[in-house]
Amino acid sequence: MSNDGKKVCAHYRGTLDDGTQFDSSYDRGEPIAFTCGAHQMIAGFDAAVRDMEVGEKKTVHIPAAEAYGERRDDLVLTYPAEQVPNIEDIHAGDKLYLSGPGGQPVPVTVVSVDPATGVTLDANHELAGQDLNFDIELVSIEEG
């Protein structure tokens, strides 16, 4: 029976192919709640939970295309120094927010800073281009 449209709670541990853990609801002590099939989660996670039953555990490998997508070169942006306020306070590795369409915040990572020439920012999700692995445990299902 499909869980599409139902509110589900799941515990998970997410790792990269090299075994590095990038996230875990177990570590936070609280499962994640979402509506299955409502695009609140990455596509591969939604698909994995779709046919699970309460108490069931599974391990899934999710290719980048079904996770945070492939890395896109067009999301690496360079701004001239004169367009960057407080450039002296910005450093490579910093996390900043740009204003997207409609004013919503778009997270970016500072790639490089040169006070003479400008700032290069990466608007790709930090897990873009990576295949992901999840150990998932379905904790509960509420009928929609």
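Which strands each supply at least two residues of the lining of the second largest pocket? They are strand S6 (95-99) and strand S7 (105-114), where strands (E, at least two residues) and helices (H or I, at least four) are DSSP runs numbered from the N terminus. The structure is a predicted model, in which local features need pLDDT of at least 70 and side-chain atom pairs count only at pLDDT 80 or more, while totals for chains, interfaces and linings use all residues. Residues are numbered from 1 along each chain as its sequence is written, and side-chain values use heavy atoms, with hydrogens and water left out.

The second largest pocket holds about 170 Å³ of space. A pocket is defined on a 1 Å grid over the protein atoms alone, as an open set of points where a 1.4 Å probe fits, with protein on both sides within 12 Å along at least five of seven lines; lining residues have an atom within 4 Å of a point. Grid points are joined across faces, edges and corners, and the volume is the space filled by probe spheres set on them. S7 gives the most to this lining, with three residues. Among the lining residues are Lys95, Tyr97, Asp122 and His125. By class, the lining has four nonpolar, three polar and three charged residues; Ala, Val, Leu, Ile, Met, Phe, Trp, Tyr, Cys and Pro count as nonpolar, Asp, Glu, Lys and Arg as charged, and the others, Gly among them, as polar.

The largest pocket contains about 220 Å³ of space. Of its 13 lining residues, Tyr12, Phe22, Asp23, Tyr68 and Phe134 are the closest to its centre. Its lining comprises nine nonpolar, two polar and two charged residues.

Phe134 also belongs to the largest nonpolar core, which has 20 residues; together with Phe45, Val49 and Ile136, Phe134 touches the most other members. A nonpolar core is a set of buried Ala, Val, Leu, Ile, Met, Phe, Trp, Tyr and Cys residues joined through side-chain atoms within 4.5 Å. The elements that give two or more residues to this core are S1, helix H2 (43-49), strand S4 (57-62) and strand S9 (132-142). Apart from it lies another core, of eight residues, including Ala81, Ile87, Val110 and Val119. In soluble globular proteins, nonpolar side chains tend to be buried together.

Asn3 is in contact (heavy atoms within 4.5 Å) with Val49, among other residues beyond four places in sequence. Asn3 is placed in the segment before strand S1 (7-16). This residue counts as buried because its relative accessible area is 2%, and buried means under 20%, exposed over 50% and partly exposed in between (1.4 Å probe, protein chains only). A polar atom of the Asn3 side chain lies 2.9 Å from the backbone oxygen of Met52.

Two loops complete the picture. His39, in the loop between strand S3 (32-35) and H2, is exposed, with a relative accessible area of 73%, and has a positive phi near 65°. Asn86, in the loop between strand S5 (76-80) and S6, likewise has a positive phi, of about 55°. Most residues other than glycine have a negative phi. Asp94 also lies in the loop between S5 and S6 and is partly exposed, at 25%. The side chain of Asp94 reaches the backbone nitrogen of His91 at 2.8 Å.

Key: A polar contact is a pair of N or O atoms within 3.5 Å; within protein, one must be able to donate a hydrogen and the other to accept it, and residues adjacent in sequence count only if both atoms are side-chain atoms.
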